[in-house]
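Please open the model in a viewer and display the backbone as a cartoon.

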Amino acid sequence: MSKEFDESNPIRNVIPMRSTQTLFLLLACFLTQPARCSELLDGEIESDLVPSPVAYSVLLPDGYMQDAKPFPLLLLLHGGSGDREDLRHWRVTLDRLWNSGQFPKVVAVMPNVTAHCQYVDTKDGLEKWESFLIGPIFQHLRDQYNVSR
């Protein structure tokens, strides 16, 4: 591409071709991305019931505010070999469902767990995931976020 001034193409004189291509690529990427109005946060909770700290991710919907009407709490439990990072993948789906009105806005939470926990209290009593999930984590999330009681 010539760097000379071209009177027949004033746009080329203002924006070099490489910059124009970059601009179009950025615009195309922006327009193809779903609207993301949610906010993804990470947190931790200590507990004597399970190996601690337990890390979790929280997805707050658009319109979430501490002083607004409480949102329902959705506790998502990942499958084997998953972790709280799986909520990042769910974010796109939840944003689309929320934006289309096909799913009510909730505060979605996904905790990490140990390998093979199966979300139960173990017979040896070393890991009490069921007790943790129906007790301490709910109280912690209710204290930290504006969710229904």
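This is a predicted model: local features need pLDDT of at least 70, side-chain atom pairs count only at pLDDT 80 or more; totals for chains, interfaces and linings use all residues.

Begin by selecting Leu75 together with Val109: in S4, Val109 is the bridge partner of Leu75. S3 and S4 run parallel and are joined by 3 bridges.

Now turn to the pairing of S4 with S2. These strands run antiparallel, with 4 bridges between them. Select Leu59 to find the residue that stands opposite Ala108 in S4.

Keep S4 selected and show its side chains. Which residues of S4 are buried on one side, and which on the other? Val107, Val109 and Pro111 lie on one side, Ala108 and Met110 lie on the other, and all are buried, so that both faces of the strand are covered. In a regular strand, side chains alternate between the two faces of the sheet. With 5 of its 5 residues buried, S4 is largely enclosed by the rest of the structure.

The next selection is helix H5, residues 136-144, in which Ile137, His140 and Leu141 are buried. Viewed along the axis, these residues cover an arc of only 95°, which puts them on the same side of H5. What do the buried residues of H5 pack against? Their partners are strands S1 (39-45), S2 (54-60), S3 (73-75) and S4 (107-111), together with helix H4 (129-134).

From there, move to Ser47, in the loop between S1 and S2. Is Ser47 buried or exposed? Its relative accessibility is 12%, and because buried means under 20%, Ser47 counts as buried. Display polar atoms here: a polar atom of the Ser47 side chain lies 3.0 Å from the backbone nitrogen of Leu49. Leaving aside residues up to four places away in sequence, Ser47 touches Ser52, Phe132 and Pro136.

Finally, select the whole protein chain. Its secondary structure comprises 5 helices and 4 strands, and from the N terminus the elements follow the order α-α-β-β-β-α-β-α-α. Of the 149 residues, 30% are buried. Among contacts with a separation of 6 or more, 64% are between residues 24 or more positions apart. The accessible surface of the chain comes to about 10000 Å², and carbon and sulfur atoms account for 55% of that surface.

Key
Residues are numbered from 1 along each chain as its sequence is written. Side-chain values use heavy atoms; hydrogens and water are left out. Buried means under 20% relative accessible area, exposed over 50%, partly exposed in between (1.4 Å probe, protein chains only). Helices (H or I, at least four residues) and strands (E, at least two) are DSSP runs, numbered from the N terminus. The arc is that of the directions from the helix axis to the C-beta atoms. Contact means heavy atoms within 4.5 Å. A polar contact is a pair of N or O atoms within 3.5 Å; within protein, one must be able to donate a hydrogen and the other to accept it, and residues adjacent in sequence count only if both atoms are side-chain atoms. Accessible areas come from the Shrake-Rupley method with a 1.4 Å probe; for residues, only the protein chains shown count as cover. Two strands pair if DSSP finds at least two bridges between them.
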